[in-house]
Amino acid sequence: MTSTLIRSLEAGESSSGNAGAMLKHVLPFLLSTSGLESSAKEVQAFALSTLLQIVKKSSGNTLRPFIPELVERLLGLLSSLEPQVVNYVHLNASKYNLTEQKIDEMRLASIRGSPLTESIERCLDLMDDATMTELRPRLEIAMKTAVGLPSK
């Protein structure tokens, strides 16, 4: 199913209606407890990989209706996917002869180069005025519910 969807997205504008219809069914599944919110790490990884491919391969017209929800969810993933050891080192920075500022700089450098950030930036590049209006309240929610530094 994933490869069919990705091929449809790669086909471009000629099958954008077909790809859009497929995304209406696939994205809710990938963003649900059967995908990203699953307790199984393998399922989460598959759902994330598929989402990143969808964002990368979709045309703007096909992806635009889904951008507000995608950006909100991808922002939340920045923190939840960060290894817990980073938080441990941050809390115990003095034991490792590091400053919290240095750790935060390393975290930000890591975030800037991540595939998640690339996908978020691609979504933002594809937005129009209507999508921006729809995204604004979702960004507020994401900022209020963000737990870690990467999402903020």
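This report covers the fold, surface, nonpolar core and aromatic pair of one predicted protein model.

## Basis

The model is predicted, so local features need pLDDT of at least 70 and side-chain atom pairs pLDDT 80 or more, while totals for chains, interfaces and linings use all residues. Residues are numbered from 1 along each chain as its sequence is written, and side-chain values use heavy atoms, without hydrogens and water.

## Fold

The protein chain has nine helices and zero strands. Both kinds of element are DSSP runs, numbered from the N terminus: helices are H or I with at least four residues, strands E with at least two. The order from the N terminus is α-α-α-α-α-α-α-α-α.

Along the principal axes, the C-alpha atoms fill a box of roughly 60 × 35 × 25 Å. Take contacts (heavy atoms within 4.5 Å) between residues at least 6 apart in sequence: 66% join residues at least 24 apart.

## Surface and charge

The protein chain exposes about 9100 Å², and carbon and sulfur atoms supply 56% of that area. Areas come from the Shrake-Rupley method with a 1.4 Å probe; for residues, only the protein chains shown count as cover. Of the 152 residues, 41% are buried. Buried means under 20% relative accessible area, exposed over 50%, and partly exposed in between (1.4 Å probe, protein chains only).

There are 16 positive and 17 negative side chains, and the centres of the two sets lie 3 Å apart. Lys and Arg count as positive, Asp and Glu as negative; His and the chain ends are left out. Each charge is placed at NZ of Lys, CZ of Arg, CG of Asp or CD of Glu.

## Nonpolar core

A nonpolar core is a set of buried Ala, Val, Leu, Ile, Met, Phe, Trp, Tyr and Cys residues joined through side-chain atoms within 4.5 Å. The largest has 33 residues, and Leu 27, Ile 54, Leu 63 and Leu 70 have the most contacts inside it. Two or more residues come from each of α1 (2–10), α2, α3 (41–57), α5 (67–80), α8 (115–125) and α9 (129–145). Helix α5 gives the most, with seven residues.

## Ala 19

Ala 19 sits in helix α2 (residues 16–30). Its relative accessibility is 1%, so Ala 19 counts as buried. Leaving aside neighbours within four places in sequence, Ala 19 contacts Leu 5, Ser 8, Leu 9 and Thr 62.

## Aromatic pair

Rings of Phe, Tyr and Trp (its six-membered ring) pair if their centres lie within 6.5 Å; planes under 30 degrees apart are stacked, over 60 edge-to-face, and the rest tilted. The count is one aromatic pair. The ring centres of Tyr 88 and Tyr 96 are 6.3 Å apart and the planes meet at 70°, so the pair is edge-to-face. Tyr 88 is partly exposed at 41% relative accessibility, and Tyr 96 is partly exposed at 42%.
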